[in-house]
Amino acid sequence: SLYFILLIYPSHLLSNESIEESKFFVENLGKEVVEKVSNMDLTENERNSNFRNLYLSSFDNYYISRFVLGRYWKRLDSKMRKQFIESFNNYIVATYAPKFKGWQGTFKAIDSLIENNYYNVKMNVLNKDGPTLRLMWKIYLDKNKRFKILDVNIDGVSMLVTQRAEFMSVIKNNPKGVVGLIEAMNKKVSG
């Protein structure tokens with residue numbers, strides 16, 4: 001019936017539109033990184049502050065924090081979780097913001113596939129002086145209809161899985177466990 005066709009048609013349009021929007025979102029994020037983080041004229045404070053704003057507005061940092069702590073997350077009370085998220089966000093900024101200083105390149109979204117309400121956006125990052133990186137962004141639309149990033153695969157390697165493996169190793173080898181990990185992150189940030 002016509003009613004049935006009308007019922008399914010708009011959502012089909014929406015998904016095509018949102019596929020294009022998902023590609024635009026990651027390309028735009030790339031442009032913002034180049035303008036607001038790579039720029040050589042920025043002070044380190046400006047670079048860090050800009051990177052922090054981009055990270056917190058574009059990534060689902062609560063989900064990421066939970067994921068990288070793995071089974072240890074459940075053992076933390078809400079105060080410790082808050083402390084971990086804060087330290088982890090600072091650690092991400094301190095680790096990645098400096099890496100983009102002076103970086104020149106182009107972000108080109110190739111394709112976006114919807115899978116279980118997630119968008120997997122394939123992207124090539126063309127470095128001015130290096131090999132092309134192949135990225136896969138895992139993103140979703142939050143309840144405010146804004147895209148949020150859950151993970152980035154770089155040349156087939158998940159940043160989340162890599163980070164979790166690194167953190168598990170620190171926790172296992174530190175007598176203070178998660179507290180030791182938080183201290184290690186804070187040390188790197190202030191170092």
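Predicted model: local features only at pLDDT ≥ 70, side-chain atom pairs only at ≥ 80, totals over all residues.

Student: Which residues is Ser65 in contact with, leaving aside its neighbours within four places in sequence?
Tutor: A contact requires heavy atoms within 4.5 Å. With the neighbours within four places in sequence left aside, the residues in contact with Ser65 are Trp73, Phe84, Ile85 and Phe88.

Student: Which residues touch the most other members of the largest nonpolar core, and which element supplies the largest share of this core?
Tutor: The largest nonpolar core has 46 residues, and those that touch the most other members are Leu69, Phe84, Phe88 and Trp137. The largest share of this core amounts to eight residues, and the element that supplies it is α4.

Student: What does Trp137 touch, not counting residues up to four places away in sequence?
Tutor: Trp137 is one of the residues that touch the most other members of the largest nonpolar core. Not counting residues up to four places away in sequence, Trp137 touches Val26, Leu29, Phe59, Tyr119, Asn120, Val121, Met123, Ile149, Asp151 and Val152.

Student: What volume does the largest pocket have, and which lining residues are the closest to its centre?
Tutor: The largest pocket has a volume of about 690 Å³. Its lining consists of 27 residues, and the closest of them to the centre of the pocket are Tyr96, Phe100, Val152, Ile154 and Met159.

Student: Which element gives the largest share of the lining of the largest pocket, and how many of the lining residues are nonpolar?
Tutor: Helices α1, α2, α4 and α5 and strands β2, β3 and β4 each supply at least two residues of this lining, and the largest share, four residues, comes from α1. By class, the lining of the largest pocket has two charged and three polar residues, while the number of nonpolar ones is 22.

Student: What distance should the 13 residues of helix α6 span, and how far apart are its end C-alpha atoms?
Tutor: The expected span is 1.5 Å times one less than the number of residues, which for the 13 residues of α6 (residues 178–190) gives 18 Å. The end C-alpha atoms of α6 agree with this expectation, because they are also 18 Å apart.

Student: Which residues of α6 are buried, and what do they pack against?
Tutor: The buried residues in α6 are Val178, Gly180, Leu181, Ile182 and Met185. The elements against which the buried residues of α6 pack are α3, α4 and α5.

Student: Is Lys23 buried or exposed, and which residues does Lys23 touch?
Tutor: Lys23 has its place in helix α1, and because its relative accessibility is 17%, it counts as buried. Not counting residues up to four places away in sequence, Lys23 touches Ala109, Ile110, Asp111, Ser112 and Val121.

Student: What is the relative accessible area of Leu141, and how far apart in space are Leu141 and Trp73?
Tutor: Leu141, found in strand β3, is partly exposed, with a relative accessible area of 28%. Leu141 and Trp73 are 68 residues apart in sequence, and their separation in space, C-alpha to C-alpha, is 24 Å.

How values were computed
Residues numbered from 1 in each chain as written. Heavy atoms only, no water. 1 Å grid on protein atoms, 1.4 Å probe; cavity = no way out; pocket = protein on both sides within 12 Å on 5 of 7 lines; lining within 4 Å. Points joined across faces, edges and corners; volume = space filled by probe spheres on them. Nonpolar A, V, L, I, M, F, W, Y, C, P; charged D, E, K, R; others polar. Core = buried A, V, L, I, M, F, W, Y, C linked by side-chain atoms within 4.5 Å. Buried < 20%, exposed > 50% of the residue type's maximum accessible area, 1.4 Å probe, protein only.
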